Every structure is written in C-alpha cells, then in structure tokens.
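Have the structure open while you read.

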Amino acid sequence: MTTRIGDTAPNFTAQTTEGEFDFHQWLGDSWGVLFSHPADYTPVCTTELGAVAKLKNEFARRNVKVLAVSVDPLDSHHAWIKDINETQACTMNFPIIADADRKVATLYDMIHPNADSTAAVRSVFIIGPDKKIKLILTYPATTGRNFPEILRAIDSLQLTANHKVATPADWNEGQDCIVVTAVSDEDATRLFRKGVRRVKPYLRYTPQPNR
Ligand code: BEZ
C-alpha cells in the first residue's frame, strides 16, 4: 500500500522495547514521527538512534512522540540498545518496534526491493494529532538523516497548520513567512498585523505570526 501526504496513518499494534501498544492510542493527541532503519547492529542506524535520543527534549517541547522501527526481534533490539547507549553517549528514551515479520515495514512501504529485498530504507513519516500524514522522507541505507531538519520541518508544519502562511526555502523558526496566495491583499493586511511586504502579487512576506 502506498501511504501519501493527507492519508490517515495506517494503524497497527506492535511489540516495542517499551511494551506492546496500538499506534493511534499511543500517539493520543501528540504529533508523531515514525522512522525506519535497515536493521539492528548497523553503524549508521546506531548513530541515528543516538542522535534522536539526545533530541528527546526538542521533540517533547513540540508535543511530538518518536517511534523507531527495525525489522529485527525484541531481544536483538534490547541488546543493541546497550551498544547505542555506550557508543553514542546517550540513554535510549523512545521505543523501537520489533518488526521481525515486517508487518509495519510493509504497511508503510518501507521495503524497496530494488534497493534491498529484506532491509528497510530510511523512511520518516510525520503524523499530525488528527492522525493524518503531514510529511514523508525517504533516504537510502547509506545516508544518515539530518534530525535538526526534521525538527525544522515540524516547526513549519505546526505553524502552517494554524496560520495562513507557508515557509520559504531554508526557513527557520523566527524568520519571515510567506502569505499563502489564497489570502487577498485586503485580508492579508487585516490578518497579519505585523505587516505584509509585497514583492510580487504572489510573493508576500510577513513576520512569523505566532511569535
Ligand atoms: C547502516 O545503518 O550503517 C547501514 C545499513 C545498511 C546498509 C548500509 C549501512
């Protein structure tokens, strides 16, 4: 099944390193990041899980729960976590799904057979509190992900969910945003009290509205 932006995130129950749960119930009212790994005891994955553990407060501050998935059994995950903690100087603080039967990997199309017939690629799904998919990223096994970029994208998603703005290239929290084209000039002046800078009829900037 192909999962696309705007679809409801497929639900599942899974065994994880923090117990068995129903994905949607576990998410509750939070945002979610579901991200896959090719396999346990692989070097790039080890660094990625350590990086995410160290960013736990940044995800929590944005009301985001993170959940990893790796196509190996639970005992393998628990033993690997010891290595992650040791080598990445962290304490693992979020669950990893034990997906030995590839149920979750298949549901989210995380196995790309022309890349590898058994290991998952590096997928990222950002899910909103309405359980809809907001963003999808796919990286090959040999390219570790940039988690500050994922936090930056979450900032944009959370802002644009509540305000009639979009965020330009390389935007970061605190920088000017773009007024969406569906908003007329007249409504823009009324909606964005900090001001609107009109470069072209379709390119109008305003200071970030929620700061
Ligand atoms: C890694 O996580 O290091 C990795 C996994 C599969 C292929 C290449 C690298």
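**The ligand and its surroundings**

1. Helix α2 (residues 43-54) gives the most to the shell around the ligand, with 3 residues. Helices here are DSSP runs of H or I with at least four residues, numbered from the N terminus. Before reading on, note that this is a predicted model, in which local features need pLDDT of at least 70 and side-chain atom pairs pLDDT 80 or more, while totals for chains, interfaces and linings use all residues. Residues are numbered from 1 along each chain as its sequence is written, and side-chain values use heavy atoms, without hydrogens and water.

2. Around the ligand you will find Pro 38, Thr 42, Pro 43, Val 44, Cys 45, Arg 122, Ala 141 and Thr 142, each with a heavy atom within 4 Å of it. By class, this shell has 5 nonpolar, 2 polar and 1 charged residues; Ala, Val, Leu, Ile, Met, Phe, Trp, Tyr, Cys and Pro count as nonpolar, Asp, Glu, Lys and Arg as charged, and the others, Gly among them, as polar.

3. Now look at the oxygen atoms of the ligand. An N or O atom in the side chain of Arg 122 is 2.8 Å from one. For Thr 42, a polar side-chain atom lies 3.1 Å from a ligand oxygen, and for Cys 45 a backbone N or O atom lies 3.1 Å from a ligand oxygen.

4. Next, the helix packing. The axes of α2 and helix α4 (residues 74-88) are 9 Å apart, at an angle of about 70°, which makes α2 roughly perpendicular to α4 (65 to 115 degrees). Axes are lines fitted to C-alpha atoms over the stretch in contact, with angles from 0 to 180 degrees between N-to-C directions.

Key. Polar contact = N/O pair within 3.5 Å; in protein donor to acceptor, adjacent residues only side chain to side chain. Helix = DSSP H or I, 4+ residues; strand = E, 2+ residues; numbered from the N terminus. Parallel < 35°, antiparallel > 145°, perpendicular 65-115°, else oblique.
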